[in-house]
Amino acid sequence: MTNNRKKTMRLILKWIVISLVILIAYSISVTGGAGKAKPILLIPIIIALSTSENELISGIVGALCGLLVDLSCGKLFGFNGVIFLLVGVFASFLFLHLMRKNILNVIVITAIAAAIQGLLDFFFYYVMWKYEGINTVFMMIIIPSVIFTTIASPIVYLIMKHIIVKFAEPDGVIVENTSLKGIKG
């Protein structure tokens with residue numbers, strides 16, 4: 001097998017495994033009773049992935065993960081898609097240009113992203129429409145969801161890091177999408 005063919009196969013396998021992890025995390029996030037606080041495991045996946053991918057790929061994965069959350073929550077289709085797209089792009093930008101790629105920074109960015117998503121969800125779906133019992137929703141669903149998401153982030157990061165390292169080239173170089181290298185400049 002040629003070197004380019006091996007790189008292509010590694011890239012395809014990497015994204016198949018990442019897609020399976022996303023589907024498993026999605027399934028875990030939507031399992032359980034309605035109205036219960038659950039971690040949004042797709043947020044730490046997006047952020048962990050953004051430690052090794054460029055802004056475009058992180059944004060696309062973020063948007064797709066956000067659309068999955070929209071489907072499961074019955075929210076306006078695209079609401080979380082836009083939020084997660086921005087989270088992916090912003091996190092990738094931070095890790096590529098400003099921050100070190102370590103577990104502490106992933107936890108902090110996950111906490112911030114989960115809080116922003118939770119607050120936007122709370123404002124646009126409860127406060128804005130003067131929903132009854134908004135204090136209960138905030139204290140029993142939004143805050144615990146942010147906390148659970150943040151607590152899950154180190155585990156998700158370690159899983160994603162293992163996948164990324166596993167599909168790195170034998171010399172240790174992380175396989176990137178070669179068709180997008182010209183875009184970065």
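Reader: Does Lys14 count as buried or exposed?
Author: A residue is classed by its relative accessible area, found with a 1.4 Å probe and protein chains only: under 20% is buried, over 50% is exposed, and values in between are partly exposed. Lys14 has a relative accessibility of 2%, so Lys14 counts as buried.

Reader: On what kind of model do such values rest?
Author: Residues are numbered from 1 along each chain as its sequence is written, and side-chain values use heavy atoms, with hydrogens and water left out. Local features need pLDDT of at least 70 and side-chain atom pairs count only at pLDDT 80 or more, while totals for chains, interfaces and linings use all residues, for this is a predicted model.

Reader: What pLDDT does the protein chain average?
Author: The predictor's confidence in each residue is given as pLDDT, from 0 to 100. A score of at least 70 is reached by 89% of the residues, and the average for the protein chain is 88.

Reader: Over which residues does pLDDT stay under 50?
Author: A contact means heavy atoms within 4.5 Å. The stretch in question has 17 contacts in the model beyond four places in sequence, and it covers residues 175-185.

Reader: Which element of the protein chain has the highest mean pLDDT?
Author: Elements are DSSP runs numbered from the N terminus, namely helices (H or I, at least four residues) and strands (E, at least two). The protein chain has six helices and zero strands. Helix 1 (residues 3-30) has the lowest mean pLDDT, 92, whereas the highest, 96, belongs to helix 2 (residues 42-50).

Reader: Which residue meets the side chain of Lys14 in a salt bridge?
Author: A salt bridge requires a side-chain nitrogen of Lys or Arg within 4 Å of a carboxyl oxygen of Asp or Glu, and the count by this rule is one. At 2.6 Å, N to O, the partner of Lys14 is Glu53.

Reader: How many residues apart in sequence are the parts that this pair ties together?
Author: Glu53 is buried, at a relative accessible area of 4%. Lys14 lies in helix 1 and Glu53 in the loop between helix 2 and helix 3 (55-73), so the pair ties together parts whose separation in sequence is 39 residues.

Reader: What percentage of the residues in the protein chain is buried?
Author: The protein chain exposes about 10,500 Å², of which carbon and sulfur atoms supply 71%. Of its 185 residues, the buried share is 41%.

Reader: What is the relative accessible area of Ile12?
Author: Ile12 is found in helix 1. Ile12 is partly exposed, and its relative accessible area is 41%.

Notes
Areas by Shrake-Rupley, 256 points an atom, 1.4 Å probe, with all protein chains shown as cover.
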